[in-house]
Amino acid sequence: MSRRLIVGNWKMYPTLSDALVLTSSLKTALEGVKGVEIALAPPTPWLVPVVESWHHKLENVHFAAQDIWPHDQGAYTGQASAFLLKNLVSYAIVGHSERRSYVGEDNDLINDKVHACLRWGIKPILCVGETKRLLDADGNTDSYQWSRLSIQLMEGLSGIKEEDLAKVSVAYEPVWAVGTKRPATPEYALEVIGRLREKLSEKYPRRALGELRILYGGDVDVQNAAGFMKYPEIDGFLLGREAVHARNFAKVCSTAASL
Ligand code: PGA
């Protein structure tokens, strides 16, 4: 398994026909991209047609759900569980900042989702991120933002066993960068990712922690990707807007593979 993971979150951007065109373009664009894991996350209603139209043998390309519901089956109108999606996807995004803010998801629910993914063989991608800058220009920490961020991390991973860490990714996505034209600098992301690992080392042995990936997300594009990827501590990306441009997305993937 390649160390780096690039996740393309298509959010609610493509219509069905857009999604099928994008899938077809990605088949070609990703053909020669090796040495990196890739996960494509179409809108839930397009998962089946997109997966069916993929018909492709690129061992490093997988599908992801943009969210899952923690209960397996039952009276949960509008939801799709890990149990229902388990044969369609290999990964699932959980706790995305848009769900935390628009749907009011809390850390307990998100932690249940992480467990449900692992129960059904789906690799969870747990999103965490501060709403206002955690570090100022001198590197000083806003302790309120740090406590919120570290709680998202520790509560999101509550009860996760050491042996499951290799299946888990954390996506560090500062909310002030997601969907904006203001990405964190690579050095900012590196510093916060280091602190998140340090926090996790209070609970997990370093050897097991070495298996867990920490990605960066928030306005990553074809221009700025290399700046992040020169740091081996950044294990990949979660992309939104750039994920629906096949050529650019593929370039980001090859940059991640080559640096
Ligand atoms: P963006 O979104 O790349 O459009 O900033 C990232 C995300 O929401 O994961």
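1. Basis of the values. Because the model is predicted, local features need pLDDT of at least 70 and side-chain atom pairs count only at pLDDT 80 or more, while totals for chains, interfaces and linings use all residues. Residues are numbered from 1 along each chain as its sequence is written, and side-chain values use heavy atoms, with hydrogens and water left out.

2. Ligand shell. The residues around the ligand are Lys11, His96, Glu173, Val178, Gly179, Gly218, Asp219, Leu238, Leu239, Gly240 and Arg241, where a residue is included if one of its heavy atoms lies within 4 Å of the molecule. This shell divides into 3 nonpolar, 4 polar and 4 charged residues, on a scheme in which Ala, Val, Leu, Ile, Met, Phe, Trp, Tyr, Cys and Pro count as nonpolar, Asp, Glu, Lys and Arg as charged, and the others, Gly among them, as polar.

3. An oxygen atom of the ligand lies 2.7 Å from an N or O atom in the side chain of Lys11, and for the side chain of Glu173 the corresponding distance is 2.6 Å. A polar side-chain atom of Arg241 is 2.7 Å from a ligand oxygen atom. Of the 280 Å² that the ligand exposes when taken alone, the protein buries 100% (Shrake-Rupley method, 1.4 Å probe).

4. Lys11. This residue sits in the loop between β1 (5-9) and α1 (16-29), the elements being DSSP runs (helices H or I, at least four residues; strands E, at least two), numbered from the N terminus. Lys11 is buried, with a relative accessible area of 14% (buried means under 20%, exposed over 50%, partly exposed in between; 1.4 Å probe, protein chains only). Its side chain is joined to that of Glu98 by a polar contact of 2.7 Å (a pair of N or O atoms within 3.5 Å, of which, within protein, one must be able to donate a hydrogen and the other to accept it). Although Lys11 is not a glycine, it has a positive phi of about 45°.

5. Asp219. Located in the loop between β7 (213-217) and α9 (225-229), Asp219 is buried at a relative accessible area of 9%. Asp219 also has a positive phi, of about 60°, without being a glycine.
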